Every structure is written in C-alpha cells, then in structure tokens.
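Here is a briefing on one protein model with its ligand. Look at the sequence and structure first, then read on.

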Amino acid sequence: MTSIESQTLRTGVCYYPEHWPESRWAEDAAHMRRLGLSVVRIGEFAWSRLESPDGELHLDWLERAIDTLQAAGLSIVLGTPTATPPAWLVNRHAGIYAVDEQGRTRGFGSRRHYCFSYLPYHADCARIVTALAKRFGKHPGIIAWQTDNEYGCHDTILSYSEAAIAGFQQWCRQRYTDIDALNTAWGNVFWSMEYTDFDEIGAPVGAVTETNPAHRMAYWRCASDAVVTFDRVQVDIIRAHSPGRDVLHNFMGNFVEFDHHALSRHLDVATWDNYPLGFLTRDGEDPDEQRRYLRTGTPDSSAFHHDLYRGCCGGRFWVMEQQPGPVNWAPYNPAPLDGMARLWAWEAFAHGAEVLSWFRWRQAPFAQEQMHTGLLLSNGEEDTAASEARQVADEIAKLDASELRLTTNRAQVAILFDYAGDRAQRIQQPDGRTYDPLQHVQQVYRACRELGLDVDIVSSDAELDLYSLVLLPNITIDDPVLAERLSHLDATIVLFPRSASRGVDMAIPDSLPPASLRKLIDVTVIRSETLPPEETLVARGAVASTITAWRERIRSELTPAGRFEDGWGFHYTQGRVHYINAIPDRPSIRVLLKSLCAEAGVAVTPMPEGVRTRRRGGLRFAFNVSDTSHSISDLFEEAAADRIVFGEEQLAPAGVTVWREA
Ligand code: GAL
C-alpha cells in the first residue's frame, strides 16, 4: 500500500481535456492553480479518443494533456475508460450488454453499457488498461489511478443477460459443488423448485410470483463478486506497471448494490461522489426534510458516507466528485445556498478526507450533462463555486504544518455496516414505504451525530477492541465468528431487530434469531410483525418509546425496559449487551442512544437542529445547515474565540468554524 505523495489536505477537480481545444489546456491548468487546486482527475470516459477500431492507440494527446497539467503543478489521477466502451467495440460483441429485469437489452448511447459477467469484455479492458499503465504508469505527474467509474451507476449491477446467467450457474457450481446441496441450502423442496443440474438454474426474475429469497441472495452475492473480479483485472495490471501510485475507485451515495468492503480490499483509497442536493431530492427523504434542507442537504447525508467510506480502506478516503451547484439528474435540482460548496469541502476534510475534488471543471455545452454546473460556466468564466474553492484553499493554508498531516481520530462509537445484511433485509422487505434498511442505519447514525458524537462505520471484520459503544443495525446474517468476537468486547453493544435472523442462504436459524448472538444476550425472537406507515406503538417504562414499522416478540428471562400495551416487552439488557426488538422513531432513538452513551462512558454534546461537529487531529469543526445562527462558545465550552483558526464565532447558515481544541 502506498500513500499520497504529500500528506496535506488537497483540493482538486474533474477535467475532460478531450472536450476542449488543446490550445485551452494550459490556461485551464493555470486557472486551476489560481483556485488553489492541486489534483485533477482525467480520462475516465475517453476511450473513443484513445483507440480506433483497427487497434491503433492514440495516447500522444493524453500525454500532452498530462504534461501540461503537471507542468502547472497539478497531480493527476488517471481514470481507466472502461465505463464507456466505444460503439465499434461493443458492436463486435453480441453478448456484451446487460439485460434488465424485464428482459430489455441496455444498449449503446450513454454509458455503463456492459455486463460485468461478459468475460470477453474483460480482455478489452485489460488491453486498454495495459496500454495506459505501460505508457503512463511511471509518469511523474500521475499520483493515482481510478478504475472505471461508479460501478453500478444507472442500476447496472444486476444483469439478466445470457453471460450473467451462465456466470451464475458457474458461481453456484463452485459454491455448492453438488446440486442436492444447493437444493437443501435453498429449501427448493418448497413448491417443487428442486433442480437436477446446475444448468437448469436461471435468474430469480420473470416468475409468476415472488422468487425464492435464497435464490435472490445468491444472485446478488454472485453479481457483487462479479464486480470485484472485473475490477481486480484492472488493478493487477496497474500495480504491475505503476508502482507507488494509489489505485482507487469512486463509489456513490445511498448505494448498496454490491459489497463495497469486498471491493475495497484490493484498493488503496476508497473515494466517493458526493451530490448532497441530488441525493436529497432523489432518495425520498420526507417532504418536510426536503423543504427544510433543500439548499443544504440534510445534516448527516454527506457525513454518513464519509464515515462509511473511510472505513473501507483502513481510513484512507477522498471525495472524488463534489457537487458545485445544481446537478442534472435528480427529480429537481435546486442551487445550493452560497457557502455550501465550502461547507461540503470542510465537512469532508473534517471526516478525514485527503482530497476533495469538484465535479466538474467547466460546464459542458453539449451532450447529456448540459444542465450540470461546474466551477466554470460553459464559456469559461468562473461560476459561483470557484470563489468558494479558492476560499477553501486559502483556509487550508491557515493550518500549520503538523495540522496538515492530520490523522483521523478513532471514534469512541462504531456502527457495523454489513452489505449482505442490508441485502438480506431488502430481499425480505416487509414494506418499502415504512422501512428502508439503509435509512434505518442512517437514522441510528443521525441520532449519534445529533448528540455531537464522532462515529466510525466499519465492516464486521474490523478491529473493535477500542470502541466504547458498538451499534449493529444491520447484522442480519448469522455470523458465529463475529458473535464470538463481540462476546469478548469490553463495550456497550447494541443489537437491532433482525440481527442474525437468517443464515447465509436466507433460512431462519434452527435456534431462532438472534442465533449465535444469543451467546451475548438471552433473547429469542418468536414473532416479527410489520406496521403500516401511519401506525405506531408505544412502549412504556422509565421512558416511553414510540415504535414504527417493525416489532418483534421476545421470549426471555430478562426484564424488559418497557412494555407495549399488549404486554410484550421492549428493549432487553444483559450486562452491557442490549437487544432493541423494534424500530424506534427518531426522537426515541435519540433518547435511547443518550442512555446507552451514559452507560458506555461516552460524553455527548447535544446539537441544535442542523448543527454538527467533528474532530480531526487537534482541530474541532462546527457546521451549520439550519436557517439560524448559533454562537460557537454557547455550544462548545472549549471554543474560545482566540482558538478559532477560521470561520466566525457566530456560526451562520452554511457556516463553518474551526478551532484548536484545548
Ligand atoms: C456522477 C458521475 C459523473 C457525472 C456526475 C454528474 O455520477 O460519476 O461522471 O455524471 O455524476 O453529477
């Protein structure tokens, strides 16, 4: 593993030299430097300009672009162009396209028009990536490589093409070895779904009614593995030819369609693309939230992803694409409040980002993204985010040398996030309107952040020993190894509904949920019920908790903290292990979490609505996305005016204030 060449906070931008006359490149590069940018990502969609149908490569222009950018003092991230194979290439492959659930081919004319399981395409990718890596691998201007672009964007993980189904049959063969083992594991005796050969297995779509959850889970695992395999081809080539450079991929927001922890194992840095207002209007936040945070994004959306992706590559993460103004792809695309481009940048740095890179340099006057803003207008004049980019660079310069090598502090609180667990819940989702598994995790996260806590979001194989409070909102698949590790922790451990409620093949464990986690706490889930959107239940005890969406009946010798009207218990505790057998609403989660923090010895600083804080190194940051100003010294005892590095004592809407902790 390598590390970024200088451990400073850096800002950057995504640039497409192939979109602009070569005579413009030097001026663009100089202008980037004038905004304080020092990283530039290029190349990720340029295949049609890099190779022609006769196999001839055209890399000279790219070399001139790299040289020009480097000469201006920019460090380059070179993207591999495999998200956009050109028309001549795809026309050579009858089977390359993905097929959707309805059997429609997802053809040429935009991007991501390939199926991960179509193996001949891997060879094309290997060819172009080898050519790029050999030519530019040791170029001094190149600090990192980005593989492909946003795996899964435009709903492209699950494909039902012939190649995907053949790949799935092969995957099943390897995993189960003999067909009876698969039939048993999946429970195929039900409805006479038993197979006599792996070749009989199709995709779990297009049936008369619901397909077997085991089948869907296996199909998802196979698709997720196919992404990892696809990426690995490129990473191995790059590593062979480009020593000392980071290899990274840009993940997305609110996106759980493949196992990002598994992919990250062979990357150096997890990066992600942050479009807070796009996520707000696209991803169904409630209407009040949408109104309140229309121009800022919700207080925890960006932070959640920073913490999630920081946990993917041992702490190293970047924001590869940052929204600068209105985007083009959400249902509606408001402009951010002035100051938000700066706030989002500092929020990323506060959560540990090494690099924050805006998307894109200059608004494109042609093709699909004309409505997407950049740092420059399409005519090359500066747009509003440019001055905020300049301001961020000026503010970075105010940090002293040791602060520039800031490490991210380990938080006291960990949330375990499990992609397979999320998928298992999605597959057996009772009611999408009242209960979304990812939103459930985000609610738990939000409650932590409302209490002023720093949070690490980690995978279930992460080191957990140093955390005081460990929250497990989506550990759905029974994992005896994890249960054993948890049983040795000296921490407050909180299990949520559906914990260990399924085996790897989606069967209910023989011992009933929470299966192996019962070694931590004496509870047995004997019934689960789901509630319609407006329905709530109240559990009364020392405090009242309001429950939405999901409730479990528990059999236990333990005395619950509260009881529902029908006598069933809520919230069981054994030692420092808690089982929360229902989904509390937002205020109830907050109250609950506060008491858990008290037990765990984690100090809380309750935040006013829309205000958040984060520590990095010896610095503390405060952010405000509410519509009122707040005095920093009223909120934080230690925030003396003479310790402020930048920002104001009065934290205005879209404000950022940073101070040195005592
Ligand atoms: C990202 C993508 C970019 C661009 C951007 C627009 O999803 O990686 O290429 O399309 O969205 O917001």
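Which side chain is joined to that of Ser626 by a polar contact of 2.7 Å? The partner is the side chain of Asn624. A polar contact is a pair of N or O atoms within 3.5 Å; within protein, one must be able to donate a hydrogen and the other to accept it, and residues adjacent in sequence count only if both atoms are side-chain atoms.

This is a predicted model: local features need pLDDT of at least 70, side-chain atom pairs count only at pLDDT 80 or more, and totals for chains, interfaces and linings use all residues. Residues are numbered from 1 along each chain as its sequence is written, and side-chain values use heavy atoms, with hydrogens and water left out.

**The ligand site**

- The residues surrounding the ligand are Phe45, Arg111, Asn149, Glu150, Asp273, Tyr275, Glu321, Trp329, Phe359, Glu369 and His372. A residue is near a molecule if one of its heavy atoms lies within 4 Å of it.
- This shell holds four nonpolar, two polar and five charged residues. Here Ala, Val, Leu, Ile, Met, Phe, Trp, Tyr, Cys and Pro count as nonpolar, Asp, Glu, Lys and Arg as charged, and the others, Gly among them, as polar.
- An N or O atom in the side chain of Glu150 is 2.4 Å from a ligand oxygen atom.
- Arg111 places a polar side-chain atom 2.8 Å from an oxygen atom of the ligand. Trp329 also has a polar side-chain atom 2.8 Å from a ligand oxygen.
- The protein buries 96% of the 310 Å² that the ligand exposes when taken alone. Such areas come from the Shrake-Rupley method with a 1.4 Å probe; for residues, only the protein chains shown count as cover.

**An open sheet of four strands**

- The order of the strands is S21-S22-S26-S24, and their pairing is antiparallel. Strands (E, at least two residues) and helices (H or I, at least four) are DSSP runs, numbered from the N terminus. Two strands pair if DSSP finds at least two bridges between them.
- Strands S21 (611-616) and S24 (644-646) are at the edges with a single partner strand each, so one side of each has no neighbour in the sheet.
- On average, neighbouring strands of this sheet are turned by 25° against each other, direction ignored. Axes are lines fitted to C-alpha atoms, for helices over the stretch in contact; angles run from 0 to 180 degrees between N-to-C directions.
- Six antiparallel bridges link S21 with strand S22 (residues 619-624). Val611 stands opposite Asn624 of S22.

**Ser626, beyond S22**

- Ser626 sits in the loop between S22 and strand S23 (630-631).
- Its relative accessible area is 6%, so Ser626 is buried. Buried means under 20% relative accessible area, exposed over 50%, and partly exposed in between (1.4 Å probe, protein chains only).
- The Ser626 side chain also reaches the backbone oxygen of Thr628, at 3.1 Å.

**Strand S1, an enclosed strand**

- What encloses S1? Five of the five residues of strand S1 (residues 10-14) are buried, so S1 is largely enclosed by the rest of the structure.
- Arg10, Gly12 and Cys14 are buried on one side, and Thr11 and Val13 are buried on the other.
- S1 pairs with S8 in the parallel sense over four bridges. Arg10 has Val355 of S8 as its bridge partner.
- S1 also pairs with strand S2 (residues 39-42), in the parallel sense over three bridges. There, Val13 has Val40 as its bridge partner.

**Backbone exceptions**

- Most residues other than glycine have a negative phi, and most peptide bonds are trans.
- The peptide bond from Phe359 to Arg360 is cis, with omega near 5°. Arg360 belongs to the loop between strand S8 (355-358) and helix H13 (384-396).
- The bond from Pro513 to Pro514 is cis too, with omega near 0°.
- Arg112 has a positive phi, near 60°. Arg112 is buried, at 4% relative accessible area.
- Ala500 has a positive phi, near 45°. Ala500 lies in the loop between S12 and S13, and its 1% relative accessibility counts as buried.
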